[in-house]
Amino acid sequence: MAEPETCPHLDSIGEVTKEDLLEKSKGSCQSCGAGGPNLWACLQSDCQYVGCGESFSDHSTLHAQAEKHNLTVNLTTFRIWCYVCEREVFLEHRPALLPVHTAPHTCKASEQEVPPQPLSHPLKGVPIAVAEDEGSESEEDEVKPRGLTGMKNIGNSCYMNAALQALSNCPPLTQFFLDCSGLVRTDKKPALCKSYQKLISELWHKKRPSYVVPTSLSHGIKLVNPMFRGYAQQVGASTQQDTQEFLRCLMDQLHEELKEPLTECSMSGEGSDEPDNEVTMSQTQSTPCSPVRTLQELHPKLSSSPPRSSPLRSAGPAYAFKKAQLLLSARKKKQSHFRSVISDIFDGSILSLVQCLTCDRVSTTVETFQDLSLPIPGKEDLAKLHSSIHQNLPVKTGVSPDTYGSQGWVTFFMDSIRRFVVSCIPTWFWGPIVTLEDCLAAFFAADELKGDNMYSCERCKKLRNGVKFCKVLRLPEILCIHLKRFRHEVMYSFKISSHVSFPLEGLDMRPFLAKESPSQVTTYDLLSVICHHGTAGSGHYIAYCQNVINGQWYEFDDQYVTEVHETVVQNAEAYVLFYRKSSEESVRERQKVVALASMREPSLLQFYISREWLNKFNTFTEPGPISNHTFLCQHGGIPPNKYNYVDDLVVIVPQNVWEYLYNSFGGGPAVNHLYMCAICQVEIEALAKRRKTEIDTFIKLNKEFQAEEAPTVILCISMQWFREWEGFVKGKDNEPPGPIDNSKIGVMKGGHIQLKQGADYGQISEETWQYLLGIYGGGPEIAVRQTVAPADPDSLHGERKIEAETRAL
């Protein structure tokens, strides 16, 4: 970007010093008496006017227009604005004023002076970082803030702009799209990951524009979810949570497009997440706020086929139908796990426990979450939360209180009370101050299950009184917190505008952590916060984000980016918050690798390491074991479909760096030779042949079936299973479907299996059924038309004889 042109109106500035401006900042607007922080001082020679900014009545602008005074300075940030040039101007050559930061801005600011630059460069990572930037960068480019690009509002799109800016300032995600662009590949429409990658590269380019227009991404998200089409999102009160819904929709789609199946090696370390106790464990479920990152497990091996004779077919109909009903639930329990950069960064898990107060049985459920939706407690709720008696969970004998009791919670809430007493203003007037910790405590508080909300105990086989409570099992790298500010009733909606105080640094999640949790780092620092201004029926979204390069906070208001003081952020009406794990140990680890990489020791071997994992090492506090299976197949070679772009997947590191990383994090495997896997190539060719054979045979048999004028037998097949099979043979899904599952389209009547009314089924011939059944097995067989049995000749002769005799009579 070209350097800013010199403003021709600078000569009108009189003599002014830093001390003069600091003294003026303590005053108020000379026209209306409004106080700071958004005060502006006129810089016209011999003019001492101080006026308020746009957040009040903007008397500073009115003064400039009336008096023809061209220049004004913000008394918090000391940035200069020229009303004639209509832009910010810079005074590096005038030492009397404070040094002004050179980042271009498009509007007035409400900020403070820039602190010293940090010694490290957290976004760039280590010298073996994976980005190959265009051209060499000077030291000035290295420390020059990036990511300060606005987004144009393209029709009530502030909810989208605020969400995108908040995500853009999450370093692990942004650095992935900047450094691992070769991994952003998908054949799924609308290829939202590519639109997002393009947007991120524009926002963080060193020659960034003042703002961008996110048209491509906006179009893609509307294709995914129709609720974001048109201008309706700001009209109805029930749609005011659009920025949160947009985040969920965007991240779910990014995961869907970028997901890869977890290999057995990479899944072996996941067992530590599961609680080790003797209570009954149920299968992993999904919370309403985020879908579980799993799909049904399909056929385990491509080359093998089920036996051609199915036990379901030879057994009795009732047995076959019962077995078929159990088939779907069995397949659901065996799930094939997937991961992506989205799940790596944002997914955490919660351990939920429900205890029956009659038989003491405790059932547990592990739930995956992508964000935590927290209630904002009222005055009565706070009183309960701050009561140590309320926090003593009614856990009866038989369950260790050390395991699931409230040990540690009482101390935490007593500390909350002390903070409350010290920090709050008179409660009789304003009401109690609500902290983010209060909201978390309300979310994780024990819930009594009684009355209309009784618990169905599997052991008692009855509805019983119970207690439900939960804790975090695994903390995510970035914790997304959503505050439930909007409530929607049948006839009306309203917004909870209570101020919730939240820490900029040091959010400790340890009080909410399960004993079984493997998470070591429990402290978080704030990255960004999305705010909503207005009512439940209408309003405006903005975002406050901390720039990862210079540590300053900025307000992102559509196309306008303004530096702000951290107190402005702390006083914001938070709606969605993004916190990042904080650990000095991870910084020291990176510094050690920097030192090793700079040694340039001669080495006989060079090692290949996953580019994606290296990005995690550069940006995660807990990157986990080295995962080279992102570019290796199960046989240790490069999958044929990845071989042509393997350079995008790997980074070469010297031997001393590899050994340090391997000894520190484990994982692997070690790779110093890349080759295409011949075994995978044979399997791919066999798979292609199998798909062609199956689809060609089905087309042939179906044409014969369609040509029959009066088929004697028509069999039914579940369209749910058929669509899975069709996706496999057409190459849309890599895994074949499991056994045929007709249990959902059939019903037992009179000992016979009949087609269920309104079932989603298709009609096929007996030959087609036998062909698919021979490959996949399953059942049960359901017919809609059976062969009419021929009449017995003897009985037919007797009927004719009776008829003849009757006529004679």
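Me: At what angle do helix α4 and helix α6 pack, and how far apart are their axes?
Reply: This is a predicted model, where local features need pLDDT of at least 70, side-chain atom pairs count only at pLDDT 80 or more, and totals for chains, interfaces and linings use all residues. Residues are numbered from 1 along each chain as its sequence is written, and side-chain values use heavy atoms, without hydrogens and water. Helix α4 (residues 158-168) and helix α6 (residues 192-203) pack at about 75 degrees, axes 11 Å apart.

Me: Why are α4 and α6 called roughly perpendicular?
Reply: Roughly perpendicular covers 65 to 115 degrees (under 35 is roughly parallel, over 145 roughly antiparallel, the rest oblique). The angle is about 75 degrees, so α4 and α6 are roughly perpendicular to each other.

Me: What makes the F443 and F444 pair edge-to-face?
Reply: Rings of Phe, Tyr and Trp (its six-membered ring) pair if their centres lie within 6.5 Å; planes under 30 degrees apart are stacked, over 60 edge-to-face, the rest tilted. F443 and F444 lie 4.9 Å centre to centre, with 85 degrees between the planes, hence edge-to-face.

Me: What makes R185 count as lying over the face of Y645?
Reply: NZ of Lys or CZ of Arg must be within 6 Å of the ring centre and within 35 degrees of the ring normal. R185 lies over the face of Y645, at 3.6 Å from the ring centre.

Conventions:
Axes fitted to C-alpha atoms, helices over the stretch in contact; angles between N-to-C directions. Helix = DSSP H or I, 4+ residues; strand = E, 2+ residues; numbered from the N terminus.
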